[in-house]
Amino acid sequence: MSYTPILLVHICAGSLGLLSGTAAIIFRKGSPRHVLAGRIFVAAMLIMGAFAVYLAITRHQPNNVGGGIFTVYLITTAWLAARRRDGATSRFDWLLLLIPLALGIQTWLNGIQVVRSGASSQDGVPVGMTFFMGTVMLLAAAGDVRMLLRGGIFGAKRIARHLWRMCFGLFIAAGSFFMGPSNRPLRLLSTVGLGQHIPPALFSTTLYLILTILPLVLLIFWLIRIRFTNSYRKIEVRN
C-alpha cells in the first residue's frame with residue numbers, strides 16, 4: 001500500500017492523538033502534564049479529523065466524512081468547555097449545534113435504509129454501530145440545546161461535558177486505528193520493518209477490541225467520579 005503525504009500526516013496525527021490522549025487520561029486532572037497532554041491531543045485530533053474528511057471525500061467514503069466532522073466537533077466543543085468559565089456561551093455554539101443534529105439525523109436515516117434493505121452492515125460498518133453513533137450524535141446535539149437554553153453550564157456539568165467529549169473522540173480514534181481494515185497496526189509496523197519482531201498476540205482482534213472500548217470505560221468512570229464525588233472541586237482548586 002502506498003502512503004501519500006496527506007495519508008501520512010493523518011496517520012501520524014492519529015497516532016499522536018492516541019498517545020497524548022492516553023497520557024491526558026493517566027495524568028492527574030488539572031496538573032501541568034495533563035494540560036500539556038490535552039493541548040497536544042486537541043491539536044493532533046483536529047488535524048487527524050480534518051485530513052480524515054479530505055481523504056474520505058477523495059475516496060468516496062461518506063461514512064468516514066461524517067465521522068471526521070463529528071470528531072472535529074467533539075474535540076472543539078470539549079476544548080471550549082475546558083477553556084471557558086462557568087456559564088459562558090457564544091453565537092458560535094448555535095452553529096456548532098447544527099453539526100451533530102444534521103449528522104445524527106443522516107446517520108439514523110442511513111441505518112434505517114440498511115435495515116430495510118435486509119443487510120446487516122454498510123461499507124463494513126455493522127448497522128448496530130450506525131445506530132449507536134447516530135444516537136450519540138443526537139445526544140450531543142441535545143446537550144448543546146440544553147446548554148444554550150439554560151444560558152451555559154456550570155460546575156461539575158461543565159467538566160463532565162469536557163471529559164465525555166474528549167473520551168469519545170479518543171474512542172473514535174482508537175476504533176479507526178485498531179479496528180480498521182487489514183490489521184492496520186500490523187500493516188504500519190510491517191511497513192517500517194518492525195512487524196515481524198513483535199509477538200503475534202499483540203495483533204489479535206481481542207486485544208484491539210479491548211483497546212478500542214477502553215476509552216468508553218474510562219469515560220463512564222470519570223463521569224461518575226466527577227458528578228458524584230468531590231473530584232470536580234479538587235480539579236478546580238488545582239487549576
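The legends below describe close-up views of one predicted protein model.

**View 1. Overall arrangement of the predicted model.** Residue numbers run from 1 along each chain as its sequence is written. Because the model is predicted, local features require pLDDT of at least 70 and side-chain atom pairs count only at pLDDT 80 or more, whereas totals for chains, interfaces and linings use all residues, and side-chain values rest on heavy atoms, with hydrogens and water left out. The protein contains 9 helices and 2 strands, which are DSSP runs numbered from the N terminus (helices H or I with at least four residues, strands E with at least two). Along the sequence these elements follow the pattern α-α-α-α-β-β-α-α-α-α-α. Of the 239 residues in the protein, 44% are buried, where buried means under 20% relative accessible area, exposed over 50%, and partly exposed in between (1.4 Å probe, protein chains only).

**View 2. The salt bridge between R158 and D86.** The structure holds 4 salt bridges, a salt bridge being a side-chain nitrogen of Lys or Arg within 4 Å of a carboxyl oxygen of Asp or Glu. One of them joins R158 to D86, with the closest N and O atoms 2.7 Å apart. Because R158 lies in helix 6 and D86 in the loop between helix 3 (62-83) and helix 4 (92-117), the pair ties together parts that are 72 residues apart in sequence. R158 counts as buried, because its relative accessibility is 7%, while D86, at 36% relative accessibility, counts as partly exposed.

View 3. Since R161 belongs to helix 6 and D144 to helix 5, the contact ties together parts that are 17 residues apart in sequence. D144 also forms a salt bridge with R165, the closest N and O atoms being 3.1 Å apart. This second pair links distant parts of the chain, with D144 in helix 5 and R165 in helix 6, 21 residues apart. Through shared partners, the salt bridges join D144, R161 and R165 into one network. R161 and D144 are both buried, and D144 and R165 are likewise both buried.

**View 4. Aromatic side chains of the model.** The structure holds 9 aromatic pairs, in which rings of Phe, Tyr and Trp (its six-membered ring) have centres within 6.5 Å, with planes under 30 degrees apart counted as stacked, over 60 as edge-to-face and the rest as tilted. The rings of W164 and F168 have centres 6.3 Å apart and planes at 70°, so this pair is edge-to-face. W164 and F168 both lie in helix 6 and are 4 residues apart, about one turn of the helix, and both are buried. The rings of F177 and F178 are also edge-to-face, because their centres are 5.0 Å apart and their planes lie at 80°; both of these residues are buried. One aromatic cluster is formed by F132, W164, F168 and F171.

View 5. F92, L95, L98, L101, I105, W108, L109, I112 and L138 make a nonpolar surface patch of about 770 Å². Patches are made of residues with over 30% relative accessible area and no salt bridge, like charges being joined within 9 Å and nonpolar side chains (Val, Leu, Ile, Met, Phe, Trp, Tyr) within 5 Å; accessible areas come from the Shrake-Rupley method with a 1.4 Å probe, and for residues only the protein chains shown count as cover. Helix 4 supplies the largest share of this patch, 8 residues. L95 has its place in helix 4 and, because its relative accessibility is 55%, counts as exposed.

View 6. On the surface, R146, R150, K157 and R227 gather in a patch of positive charge, with Lys and Arg counted as positive, Asp and Glu as negative, and His and the chain ends not counted. The place of a charge is taken as NZ of Lys, CZ of Arg, CG of Asp or CD of Glu. R150 is found in the loop between helix 5 (127-149) and helix 6 (156-178), and R150 counts as exposed, because its relative accessibility is 55%. S90 is placed in the loop between helix 3 and helix 4 and, at 28% relative accessibility, counts as partly exposed. S90 and L148 are separated by 58 residues in sequence and by 8.7 Å in space, C-alpha to C-alpha.
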